[in-house]
Amino acid sequence: MNLSIAIPAMVNNTAPPSQPNASTERPSTDSQDYWNETLKEFKAMAPAYDWSPEIQGIILSSLNYGSFLAPIPSGYVAGIFGAKYVVGAGLFISSFLTLFIPLAANAGVALLIVLRVVQGIAQVMVLTGQYSIWVKWAPPLERSQLTTIAGSGSMLGSFIVLLVGGLLCQTIGWPYVFYIFGGIGCACCLLWFPLIYDDPVNHPFISAGEKRYIVCSLAQQDCSPGWSLPITAMIKSLPLWAILVSYFCEYWLFYTIMAYTPTYISSVLQANLRDSGILSALPFVVGCICIILGGLLADFLLSRKILRLITIRKLFTAIGVLFPSVILVSLPWVRSSHSMTMTFLVLSSAISSFCESGALVNFLDIAPRYTGFLKGLLQVFAHIAGAISPTAAGFFISQDSEFGWRNVFLLSAAVNISGLVFYLIFGRADVQDWAKEQTFTHL
């Protein structure tokens, strides 16, 4: 999200021309005047680039360009050797490279794209590896709420970056967005390695009662990873394809919104960098809360036996796809009203979070023993969508600034709804035969 909030400032520098001696030409007698002069110097040092909307779309999409190859091996390795070091390494590499984005941007678009590609591969290690932890830590009746609480961290991070990033861009300059949050990411690695354990059996701090509860609740579930994979059976599995298609379609919309929300608010609503960051953050903080609430509601309906598991997955997916699609298609017609535009964006983010308790977590139900591998496979489809959708959005916007946004939202809604139809027809929630016994052709 760092680049999403910084890119309006990177291509549209509103700072005054550089005046190297500004702070010494007129002695400052007031502390506020001195602070303002200092901020002007910071901003003057932040360069601006002549990037067209197509180039911006490619740069925003480049995070996903190299991610097609990484999810499957990283998920597979995490499942076999443990996710602690796979996730930790990905977190450190991605955070460390964030510190060098301003230098890469100065060197040229090509180097920036290469760095973003490597960052994307590292972030895949984090996204895919963590599910190999949950399959050993999350009891079946608490799986939705635990995975959604953890997943809400991405929304919370987006909220913080957007909230603070716009202010940083407008005060001390956009490079500090990358310096500050890259440094925070590196610091988080110091917490990850000593606190995280791959399974509860080896954890030294949890109580014996909690350890016994988790182990017993997972005793009936074959979640032990194997070296071999039933590839042929997976290819023929329509329930698995239903999840794969859902991932592609839902992440198409997700990556479009994630990449272009600050740009949309900045260009359409004519907001300055600080206000754009604050407004862009609102949908993400609401989405963060609703992801957690959706997980709690899903587990409540399941534990009380109000609805079957497959009904919960399909119902939550349908709600999370249909309503946001309608809302986003309506956005261009309310662009004259700032309050209505923000209301629509917040509602879209809130309701789409229900998918996190629907199709997006369904792979844990149908094949728990292959969680790491399947999450990697699903991320391949998600990153394919992420590589295409911002690039397509940039193309539409560059063709026609007025109707481009309408076409972006119409295409996203069409892709999203088509994925929903496929999932409603073929989606299942019971453990598949190929995930119970290894009796098929293996890789």
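I searched for salt bridges (a side-chain nitrogen of Lys or Arg within 4 Å of a carboxyl oxygen of Asp or Glu) and found two in the structure. The model is predicted, so I kept to its limits: local features need pLDDT of at least 70, side-chain atom pairs count only at pLDDT 80 or more, and totals for chains, interfaces and linings use all residues. Residues are numbered from 1 along each chain as its sequence is written, and side-chain values use heavy atoms, leaving out hydrogens and water.

Arg313 pairs with Asp365, with the closest N and O atoms 2.7 Å apart. This pair links distant parts of the chain: Arg313 sits in helix H15 (residues 309-330) and Asp365 in helix H17 (residues 363-366), 52 residues apart. I took helices as DSSP runs of H or I, at least four residues, numbered from the N terminus. Both Arg313 and Asp365 are buried (under 20% relative accessible area; exposed is over 50%, partly exposed in between; 1.4 Å probe, protein chains only).

Asp433 and Lys436 form a salt bridge at 3.9 Å, N to O. Asp433 is exposed at 57% relative accessibility. Lys436 is partly exposed at 47%.

Next, the nonpolar cores (buried Ala, Val, Leu, Ile, Met, Phe, Trp, Tyr and Cys joined through side-chain atoms within 4.5 Å). The largest has 56 residues; Met10, Trp51, Trp174 and Leu331 touch the most other members. A second, separate core has 37 residues, including Tyr247 and Cys355.

Last, the overall count: I noted 19 helices and zero strands. Buried residues make up 52% of the 443.

Key:
Helix = DSSP H or I, 4+ residues; strand = E, 2+ residues; numbered from the N terminus.
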